[in-house]
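I opened the model today to look up a few things about its fold. My notes follow the structure.

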Amino acid sequence: MSFKDVKNLLSSGILDKITSDEATFNRLHDGTAADLLAFAKENNINLTADQAEAALKQLQNISSASKLVDTAGGGDDGCNGNW
């Protein structure tokens with residue numbers, strides 16, 4: 001995807017809608033790009049199939065990253081003040 005495509009994807013608000021509640025997040029996170037595309041259409045957000053695929057990948061990447069930060073040694077364990 002080009003920079004313009006990524007920018008348009010983020011400005012569409014799709015990630016905000018996906019994370020509006022936990023059930024929606026879990027359903028789409030565990031679903032397919034087609035599920036995400038249908039969700040976008042339901043919310044009057046026009047995405048291409050490529051954009052839906054990219055949004056799903058970003059959602060999964062964000063989820064993975066948040067797990068890494070939320071593990072022992074991954075977040076601020078209070079030692080940052082020592083630096």
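The entries below run from the whole chain down to single residues.

**Ground rules**

This is a predicted model, so I note that local features need pLDDT of at least 70, side-chain atom pairs count only at pLDDT 80 or more, and totals for chains, interfaces and linings use all residues. Residues are numbered from 1 along each chain as its sequence is written, and side-chain values use heavy atoms, with hydrogens and water left out.

**Whole chain**

I looked up the secondary structure first. The protein chain has 5 helices and 0 strands. Its pattern along the sequence reads α-α-α-α-α. Helices here are DSSP runs of H or I with at least four residues, strands are runs of E with at least two, and both are numbered from the N terminus.

Next came burial. Of the 83 residues in the protein chain, 28% are buried. Buried means under 20% relative accessible area, exposed means over 50%, and partly exposed lies in between (1.4 Å probe, protein chains only). The accessible surface of the chain is about 5800 Å², and 51% of that surface belongs to carbon and sulfur atoms. These areas come from the Shrake-Rupley method with a 1.4 Å probe; for residues, only the protein chains shown count as cover.

I then checked contacts (heavy atoms within 4.5 Å). Among contacts between residues at least 6 apart in sequence, 53% join residues at least 24 apart.

**Helix α1**

I picked valine 6, which sits in α1 (residues 3-11). Valine 6 is partly exposed, at a relative accessible area of 36%.

**Helix α2**

Lysine 17 belongs to α2 (residues 14-18). Lysine 17 counts as partly exposed because its relative accessibility is 37%. Leaving out residues up to four places away in sequence, lysine 17 touches Thr24, Phe39, Asn43 and Ile45. I noted one C-alpha distance too: lysine 17 and alanine 40 are 8.6 Å apart in space and 23 residues apart in sequence.

**Helix α3**

I started at the N-terminal end, which aspartate 21 caps. A side-chain oxygen of aspartate 21 lies 3.2 Å from the backbone nitrogen of alanine 23.

Which residues of α3 are buried? They are Thr24, Leu28 and His29. Seen down the axis of α3, these buried residues fall within an arc of 120°, so they line one face of the helix. The arc is that of the directions from the helix axis to the C-beta atoms. On the face turned away from the buried side, α3 carries the exposed residues Glu22 and Ala23.

Threonine 24 has a relative accessible area of 12%, so it is buried. Beyond its neighbours within four places in sequence, threonine 24 is in contact with Lys17, Ile18 and Phe39.

**α3 against α4**

I took the packing of α3 on α4 (residues 33-42) next. The two helices pack at an angle of about 140°, with axes 8 Å apart. That makes α3 oblique to α4. Axes are lines fitted to C-alpha atoms, for helices over the stretch in contact, and angles run from 0 to 180 degrees between N-to-C directions. Angles under 35 degrees count as roughly parallel, over 145 as roughly antiparallel, 65 to 115 as roughly perpendicular, and the rest as oblique. At this meeting, Thr24, Arg27 and Leu28 come from α3, and Asp35, Leu36 and Phe39 come from α4.

In α4 I found Ala33, Leu36, Leu37, Phe39 and Ala40 buried. Down the axis of α4, the buried residues fall within an arc of 160°, so they line one face of the helix. The face turned away from the buried side has the exposed residues Ala34, Lys41 and Glu42.

Just after α4 I stopped at asparagine 44, whose phi is positive, about 55°. Most residues other than glycine have a negative phi. Asparagine 44 is in the loop between α4 and α5 (49-69). Asparagine 44 is exposed, with a relative accessible area of 70%.

**Helix α5**

My last stop was serine 63, in α5. Is serine 63 buried or exposed? Serine 63 is buried, because its relative accessible area is 9%. Not counting residues up to four places away in sequence, serine 63 touches Phe25 and His29.

Terms used
Polar contact = N/O pair within 3.5 Å; in protein donor to acceptor, adjacent residues only side chain to side chain.
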